[in-house]
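Visitor: I would like to learn how to read a few features of a model. Could you take me through them one by one?

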Amino acid sequence: MSAGSGSTSRHRVSSHHVDAGFVLDVRSLGRRPGTMRELRRTVTTEGRIGLDLVAIPVGAEVELDLQLQAVSEGVLVTGTVTAPTEGQCSRCLESFTDEVSLPVTELFAYPDSATEQTTEDDEVYRMIDDLIDLEPLIVDTIGLELPLQPLCSPDCAGLCPECGVAMAIAGSDHRHEILDPRWAGLANFAPESPGNGGPDADAESDR
């Protein structure tokens with residue numbers, strides 16, 4: 001999996017990006033279990049996020065539609081993340097565009113919580129100074145959501161095995177005459193017809 005956004009650390013927060021982009025300031029929840037906040041935000045990607053053949057491109061607008069809820073061990077983030085994708089079809093190699101909608105349900109643990117202290121770094125996402133960085137979550141989630149072998153359409157016919165042209169362009173009547181190599185030499189001899197100097201013509205002239 002290739003993720004153009006860089007590090008996928010589960011507890012990375014850029015200190016100069018406070019409550020902007022994918023970084024959320026959750027101090028308003030006050031660590032009071034049951035406190036909730038709705039979040040709708042559009043974030044423009046600064047890097048490519050996804051796999052080798054399909055990904056959210058640089059400069060794409062990612063729509064966040066989330067609910068943030070304080071619980072005893074951290075902040076529970078639920079909702080959807082929607083973004084455009086660009087890719088290359090694994091069958092016909094043509095470029096295509098699409099859209100992905102990622103369901104999100106994830107706990108971001110408080111720094112001093114029992115969850116934070118008893119789990120490994122790659123087992124739970126963590127908060128730093130009441131900040132949540134959603135980008136590692138999005139990178140991890142889209143890596144599981146996108147197909148390793150994307151298709152421009154479910155019924156893509158791929159490439160012609162003889163000439164390599166995309167079958168979607170060539171059409172359903174695209175054909176190649178397959179000649180058995182054992183008879184390839186005979187292809188140089190065209191059938192002759194009366195009047196062209198062949199045996200039939202000679203026989204006719206002798207009458």
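Visitor: Start with cysteine 156. Is cysteine 156 buried or exposed?

Guide: This is a predicted model, so take each value as computed. Look at the relative accessible area; under 20% counts as buried. Cysteine 156 has 10%, so it is buried.

Visitor: How many disulfides does the structure hold?

Guide: Check the sulfur distances. A disulfide needs two cysteine sulfur atoms within 2.5 Å. The structure holds zero disulfides. For cysteine 89, the nearest cysteine sulfur belongs to cysteine 92, 3.7 Å away, and cysteine 89 is in no disulfide. Cysteine 156 is in no disulfide either; its nearest cysteine sulfur is that of cysteine 152, at 3.7 Å.

Visitor: And what is the relative accessible area of cysteine 89?

Guide: The value is 1%, so cysteine 89 is buried.

Visitor: Now the fold. How many helices and strands are in the protein chain?

Guide: Four helices and nine strands. Read the order from the N terminus: β-β-β-β-β-β-β-α-β-β-α-α-α.

Visitor: How much of the protein chain counts as buried?

Guide: Of its 207 residues, 34%. Then look at contact range. Among contacts with a separation of 6 or more, residues 24 or more positions apart account for 58%.

Visitor: What does leucine 102 contact, beyond its neighbours within four places in sequence?

Guide: Contact here means heavy atoms within 4.5 Å. Leucine 102 is in contact with Gly79, Thr80, Val81, Ile138, Thr141, Ile142 and Glu145, leaving those neighbours aside. Leucine 102 belongs to strand β7, residues 95–109. With a relative accessible area of 1%, leucine 102 is buried.

Visitor: How far apart are leucine 102 and isoleucine 138?

Guide: Two scales apply. In sequence, they are 36 residues apart; in space, 8.2 Å, C-alpha to C-alpha.

Visitor: Next, aromatic rings. What is the count of aromatic pairs?

Guide: One aromatic pair. The partners are phenylalanine 108 and tyrosine 125: ring centres 5.4 Å apart, planes at 35°, so the pair is tilted. Planes under 30 degrees apart would count as stacked, and over 60 as edge-to-face.

Visitor: Which parts does the pair tie together?

Guide: Phenylalanine 108 lies in strand β7, and tyrosine 125 in strand β8, residues 125–126, so the linked parts are 17 residues apart in sequence. Phenylalanine 108 and tyrosine 125 are both buried.

Visitor: Where does the charged end of arginine 31 sit?

Guide: Over the ring of tyrosine 110, 4.3 Å from the ring centre.

Visitor: Let us turn to loops. Where does threonine 35 lie?

Guide: In the loop between β1 (23–25) and β2 (36–44). A polar atom of the threonine 35 side chain lies 2.8 Å from the backbone oxygen of arginine 32. Beyond neighbours within four places in sequence, threonine 35 is in contact with Leu29, Leu68, Gln69 and Ala70.

Visitor: What about glycine 34? Which residues does glycine 34 contact, leaving aside neighbours within four places?

Guide: Gln69 and Ala70. Glycine 34 is in the loop between β1 and β2. Its relative accessible area is 41%, so glycine 34 is partly exposed. Glycine 34 and glutamine 69 are 35 residues apart in sequence, yet 6.2 Å apart in space, C-alpha to C-alpha.

Visitor: Last, backbone angles. What is phi of leucine 93?

Guide: Leucine 93 has a positive phi, near 70°. Leucine 93 is in the loop between β6 (74–88) and β7. At 47% relative accessibility, leucine 93 counts as partly exposed.

Visitor: And what is phi of aspartate 129?

Guide: About 55°, a positive value, although aspartate 129 is not a glycine. Aspartate 129 is in the loop between β8 and β9 (131–133). Its relative accessible area is 65%, so aspartate 129 is exposed.

Note on methods
Residues numbered from 1 in each chain as written. Predicted model: local features only at pLDDT ≥ 70, side-chain atom pairs only at ≥ 80, totals over all residues. Heavy atoms only, no water. Helix = DSSP H or I, 4+ residues; strand = E, 2+ residues; numbered from the N terminus. Buried < 20%, exposed > 50% of the residue type's maximum accessible area, 1.4 Å probe, protein only. Polar contact = N/O pair within 3.5 Å; in protein donor to acceptor, adjacent residues only side chain to side chain. Phe/Tyr/Trp six-rings, centres within 6.5 Å; stacked < 30°, edge-to-face > 60°. Lys NZ or Arg CZ within 6 Å of the ring centre and 35° of its normal.
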